[in-house]
Amino acid sequence: MNSSSPAAVIVLAAGAGTRMKSALPKVLHPMAGRSLVGHALDAAASLSPEHLVAVVRHERERVVEHLLSHTPDLVIADQDDIPGTGRAVELGLQAIGDVTGTVVVTYGDVPLLTPETLNALVTEHQESANAVTVLSANVPDATGYGRIVRDDNGLVTEIVEHKDALKIAEDTGDTTIADITEINSGIYAFDGEVLARTLAEVTTDNVQGEKYLTDVLSLARAEGGRVATYVTEDLWEVEGVNDRVQLATLGAVLNRRITERWMREGVTIVDPSTTWIDVDVELDQDVTIKPNTQLHGKTQVATGAVIGPDTTLIDVVVGQDANIRRTEATEATIGQGAKVGPFTYIRPGTVLGETGKIGAFYETKNVNIGRGAKLSHLGYAGDADIGENTNIGCGNITANYDGVQKHRTVIGAEVRTGSNTVFTAPVSIGDGAYTAAGAVVRKDVPPGALTMNAVDQRIIEDWVLKRRPDTAAADAARKANEAS
């Protein structure tokens, strides 16, 4: 543990989040490629605490499974039937035993809180030898927030909840507290020993019947401890998600920050308002992203590549100078200088080699496409290996499923396939072979051979005039015959 690192960070994630009106626990709702609580855990972990704790209750098993998949060494504490943030923190402390040093408390539904702000909070707390340091912010409208009340020295004397501030104003006519615009974020740095000692004294003797964490502040001050604040200038960092409106609002703020960061690092984003980029996406300098593009998961895009418009990539690796437009792709690799689209569906396991092409109205899945190979339009390639510089004709299909099992098609290098060829897997086409238009390939084709289904073309004269005499086609044929 670093000398400035806290002894523990406790992330509160026990709430039901009823205002989300969702079967999915609130803290698991996604934002920019991570869950809300995933963002909170990552910010907390950046402090390198000795102990990282999450307090859970609602949908416990589901939430814990997610938490441990994200942070395997996380300590789990269970909230009991005693309500309140004070009780949640008390149980978090009990899960790790006696703590000496700084304890940070934060929340699983505050996704925009940054490592930089948390670090500044801890630094202020330790350098000022505070018993409690409150992360606060000044807001234009403090409705709904607890007010920070200070003494003449600027230290915190108490936190007055919104309803109480209004009642004081109503009873006394004094709006001083109600007019305060500095609000409590609910995020704190505590002296661990002070926190443990004072929490034991906090009761549930209040209107809500809860064990309030804010009661620790007055108890710490009564002991002679110093209670102060660290004020963040970024109001969004202390905003929590309580409903889907706030989820969308904070998601848009985070996305704007992500796109601005990439533009400052040399990425051209033509329309940031229609471009969505997850936090784990990696973009090189001189990438261009066109409108209506979404980059998700661990997508990586190399320099010079052009993505979009109207494109969604999920866990896709894109090589230098590749061009992908009007495409949906998942778990694929697109080689250097390759071209994809428009209207292309790339499924998992697709690997497109350098300078290769997958064109319009094509679907691929679990296919290796060699360097310079082209699948230009209107086809399906699944469970296949396609060699270098092979040209797959329009309308080709690998028939990979026999109703029971999937089979593989192997097409060599420098192969030329005619339009509407069907490869009935398992089948192998040798290097340099050709297929004729309309061929149904059921047997292996040796290198340099031509395969075709030989059926003589049969012409029945005047068939339309005899079988469809009253149609427009018959009229056209009759006029053409008369003209000749």
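## A buried lysine

At 10% relative accessibility, Lys26 counts as buried, because buried means under 20% relative accessible area. Please keep in mind throughout that this is a predicted model. Lys26 sits in the loop that runs between β1 (8-13) and β2.

What does the side chain of Lys26 join through a polar contact of 2.7 Å? The partner is the side chain of Asp109. Setting aside residues up to four places away in sequence, Lys26 also touches Gly17, Met20, Leu36, Val241 and Asn242, along with Asp109 itself.

## The UniProt active-site position

An unreviewed UniProt entry lists His377 under "active site". In the model, this histidine belongs to strand β28, which covers residues 374-386.

Is His377 buried, partly exposed or exposed? His377 is partly exposed, with a relative accessible area of 36%. Its contacts, not counting residues up to four places away in sequence, are Ala360, Tyr362, Gly393, Cys394 and Gly395.

## Helix α3 and Val89

Let us turn to α3, which spans residues 85-96 and contains Val89. At 1.5 Å a residue, the 12 residues of α3 should span 16 Å, and the 17 Å between its end C-alpha atoms agrees with that. The helix is mostly covered, with nine of its 12 residues buried. Those buried residues are Gly86, Arg87, Ala88, Val89, Glu90, Leu91, Gly92, Leu93 and Ile96. They pack against β1, β4 (51-56), β5 (75-78), β6 (102-107) and α6. Just after the helix comes Gly97, with a positive phi of about 80 degrees.

Val89 has 0% relative accessibility and so counts as buried. Which residues is Val89 in contact with, leaving aside its neighbours within four places in sequence? They are Ile10, Leu12, Val105, Leu195, Leu199 and Leu213.

## How α6 meets α7

Two packed helices are described by the angle between their axes and the distance between the axes. For α6 (residues 192-199) and α7 (residues 215-222), the angle is about 110 degrees and the axes are 9 Å apart. The two helices are therefore roughly perpendicular to each other, since angles of 65 to 115 degrees fall in that class.

Which residues make the meeting between these helices? From α6 come Val194, Leu195, Thr198 and Leu199, and from α7 come Val216, Leu219 and Ala220.

## Helix α8 from end to end

Helix α8 runs through residues 244-264, and its 21 residues reach 30 Å from the first C-alpha to the last, close to the 30 Å expected at 1.5 Å a residue. What caps the N-terminal end of α8? Asp243 does, with a side-chain oxygen 3.1 Å from the backbone nitrogen of Val245. Beyond the helix comes Gly266, whose phi is positive, near 100 degrees.

The buried residues of α8 are Leu247, Leu250, Gly251, Val253, Leu254, Asn255, Ile258, Thr259 and Trp262. What covers them includes β2 (30-31), α1 (36-45), β12 (268-269), β13 (275-277) and β14 (282-283).

With 34% relative accessibility, Asp310 counts as partly exposed.

Where else does the chain have a cis peptide bond? One joins Ala425 and Pro426, with omega about 5 degrees. Pro426 is placed in the loop between β33 (422-424) and β34 (427-429). In the loop between β32 (416-417) and β33 you will find Asn420, a residue other than glycine whose phi is positive, near 60 degrees.

Methods:
Residues numbered from 1 in each chain as written. Predicted model: local features only at pLDDT ≥ 70, side-chain atom pairs only at ≥ 80, totals over all residues. Heavy atoms only, no water. Helix = DSSP H or I, 4+ residues; strand = E, 2+ residues; numbered from the N terminus. Expected span 1.5 Å × (residues − 1). Buried < 20%, exposed > 50% of the residue type's maximum accessible area, 1.4 Å probe, protein only. Contact = heavy atoms within 4.5 Å. Polar contact = N/O pair within 3.5 Å; in protein donor to acceptor, adjacent residues only side chain to side chain. UniProt positions renumbered as here; feature names shortened; annotations may be inferred. Axes fitted to C-alpha atoms, helices over the stretch in contact; angles between N-to-C directions. Parallel < 35°, antiparallel > 145°, perpendicular 65-115°, else oblique.
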